[in-house]
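Here is a quick walk through one protein model, for someone who likes to see geometry spelled out. Keep the viewer open and follow along.

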Amino acid sequence: MHEHSFILKGNLCYSETKDRLSVTEQGYLVCCEGISRGVFPVIPDKYQNLPVTDYGDRLIIPGMTDLHVHAPQYPFRGIGMDLELLDWLNTHTFPEESRYADPEYAEKAYRIFVEDLRKSASTRAVIFGTIHLPATEFLMKELDASGLVTYVGKVNMDQNCTDDLRETDAHVSLESTAAWLRETSGKYPNAHPILTPRFAPTCSGPLLEGLGKLQKEYGLPVQSHLSENLSEIAWVQELFPWSSCYGNVYEHYGLFGGDVKTVMAHCVHSSDQEVELMKKNGVYVAHCPQSNINLSSGIAPIRRYLEAGIPTGLGTDIAGGANMSMFRCMADAIGVSKLYWRLADQNRKPLTMEEAFFLATKGGGSFFGKTGSFEEGYEVDALVLDDTGIRTTKELSTKERLERYIYLAEEGGRLVGKYAAGKELF
C-alpha cells in the first residue's frame, strides 16, 4: 500500500468557509496518494482496503501554515520585547543574523529551529533566512528532510543595515541570489525558494528592480514586510518619495501580487490606497498579532481585509513573536481584534473562533495551493490532538473542545500525530 494512502478515524474538524466549521464525530478522513477524498461517517466501499488508524476520541484538524517566521531569530525569542521595531532590529536582530556567516553556528541554530518546528502545529511555513548562502541552503536541506512543506528565502539587503549584513551593492546581492537559485531550484521537494527583499528600507531601487527581473526569470513567489510600524512607513516615504504608498514601492518593481504570488507581513497601518492595491493584486496578508503587541506596532485591521476579500493567514513572526505555537497565534488574533473593535473601530466586529481557525488553516494554507482543509481534493495535512490533559467537569461538544484547545494547548494539550502532504511525520 502506498504510504500516502490511508484513513484516519477520530473527531474531525475543518473549515469549509471562514464562517463555517465542519465537525464529524467519529468520522473517517480518506487520503489517497496524499489527497483528501473527503470525510465520511462510515468508510465508503471503494476505500475499504485502505489501512485505518483509529485515534479514538481525539481531535483531528488540518495542519497549520505559519505564513511569516524568521528562522535565524529563533535563538533570541523572548528577548528585547521592550523595544519598537527599528531599535529592536538594530539591537538584537541584525547582530544575531550576522552570526550566520559562520556555518558551524548556522547549522547548530537551524537544527534546533527545524526540530522544534517539526514538533509544532505548523505543517507548512513561509520562512526568512539570512543573506548567507551556505546557511540558507543548509536550512532548506534540514527543512526538506523534516517532511514539512516550506518556502525559504535568502534575504536581500544592500543598504540601511549593519555592515556585517549589508551586501556590497545591488549587483553583488543579485549575483548571490541568482547563484542560490541555480543551486536550489527544484533540488528540495519540500523546501522551495522564495524571493525575499527584507523590506523596502534595506533594498535600493536597483536591487528591487533586479529582483523583479529574477522573479520573471524563475517565476518565484515573493515575501517581505509592509506597513508594520509608523516610523517605518515614514522612512519608506523618505527613501522612495515618488511612491504613493509603501506597497507601491514593491508594485513598481514587479514584486506585489498580480501574476506574482506575494505575502506581506503585518499590514498594521496600511492606507486606503494600499488596501485597494492589495485587494486588486491579490496580495496575501500575514497577520502576526503577538509580534505587533511585543514591538508596540499596533493592531492590524483583519476584519477589514476579510471583508475586502484579501487573502489572509497568520504568522508567528519569530522572534518579534516569542512563541512558535499557532494555537497561541489564533488566540492572540482573536484577542487583539477585540481591542481593535473596542478602541479603534466599533464597526469592525472581533474575529470569531471559526474565523481565526480558518486563518490558521485554510486561509494561510491557500498560499501553498489546496491545503489547510479536509475537503475533497485538498492535500492532507493533519494534526491529532489529545486534550485529556486539559481537565474539566463539563461535558463538552467537539467544537467546544477545539475552542478550548486553542486557548489552553500549552496547559495540557498534546500533539500526538502529525501529517504533511499525506505523509506521517509522527
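## Rings, strands and a buried serine

Both tyrosine 284 and phenylalanine 367 are buried. Bear in mind that this is a predicted model. Let's start with the rings, then move on to the strands.

A search through the whole structure turns up 17 aromatic pairs. One of them is stacked: tyrosine 246 with tyrosine 250, at 5.8 Å centre to centre and 20° between the planes. Where do tyrosine 246 and tyrosine 250 sit relative to each other in helix α7? They are four residues apart in that helix (residues 246-252), so about one helical turn separates them.

Tyrosine 284 and phenylalanine 367 form an edge-to-face pair, with 5.1 Å between the centres and 85° between the planes. Tyrosine 284 belongs to strand β13, while phenylalanine 367 is in the loop between α12 and β15 (382-386), so the pair ties together parts that are 83 residues apart in sequence. Ring pairs also link Tyr151, Tyr284, Phe367 and Phe368 into a cluster.

| Arginine | Ring | Distance from ring centre |
|---|---|---|
| Arginine 77 | Tyrosine 74 | 3.7 Å |
| Arginine 99 | Tyrosine 105 | 3.9 Å |

For arginine 77, the part over the ring of tyrosine 74 is its charged end. Arginine 99 lies over the face of tyrosine 105.

Back to strand β13, this time for its sheet. Four strands make up an open sheet in the order β11-β12-β13-β14, with parallel pairing.

Methionine 264 has valine 285 in β13 as its bridge partner. Helix α12 (residues 353-365) lies across β13 and β14 and runs at about 105° to β14.

Now for the strands at the other end of the numbering. How much of β1 is buried? Strand β1 (residues 6-15) is mostly covered, with 10 of its 10 residues buried. A hairpin of five residues joins β1 to β2, and β1 pairs with β2 (residues 21-32) in the antiparallel sense over nine bridges. Serine 15 has leucine 21 in β2 as its bridge partner. β1 also runs parallel to strand β4 (residues 52-62), joined to it by five bridges. In that strand, aspartate 54 stands opposite lysine 9.

Serine 173 counts as buried because its relative accessibility is 0%. What does serine 173 touch, not counting residues up to four places away in sequence? Its contacts on that count are Lys154, Asn156, Met157, Glu167 and Leu207.

Note on methods:
Residues numbered from 1 in each chain as written. Predicted model: local features only at pLDDT ≥ 70, side-chain atom pairs only at ≥ 80, totals over all residues. Heavy atoms only, no water. Pairing = 2+ DSSP bridges. Helix = DSSP H or I, 4+ residues; strand = E, 2+ residues; numbered from the N terminus. Contact = heavy atoms within 4.5 Å. Axes fitted to C-alpha atoms, helices over the stretch in contact; angles between N-to-C directions. Buried < 20%, exposed > 50% of the residue type's maximum accessible area, 1.4 Å probe, protein only. Phe/Tyr/Trp six-rings, centres within 6.5 Å; stacked < 30°, edge-to-face > 60°. Lys NZ or Arg CZ within 6 Å of the ring centre and 35° of its normal.
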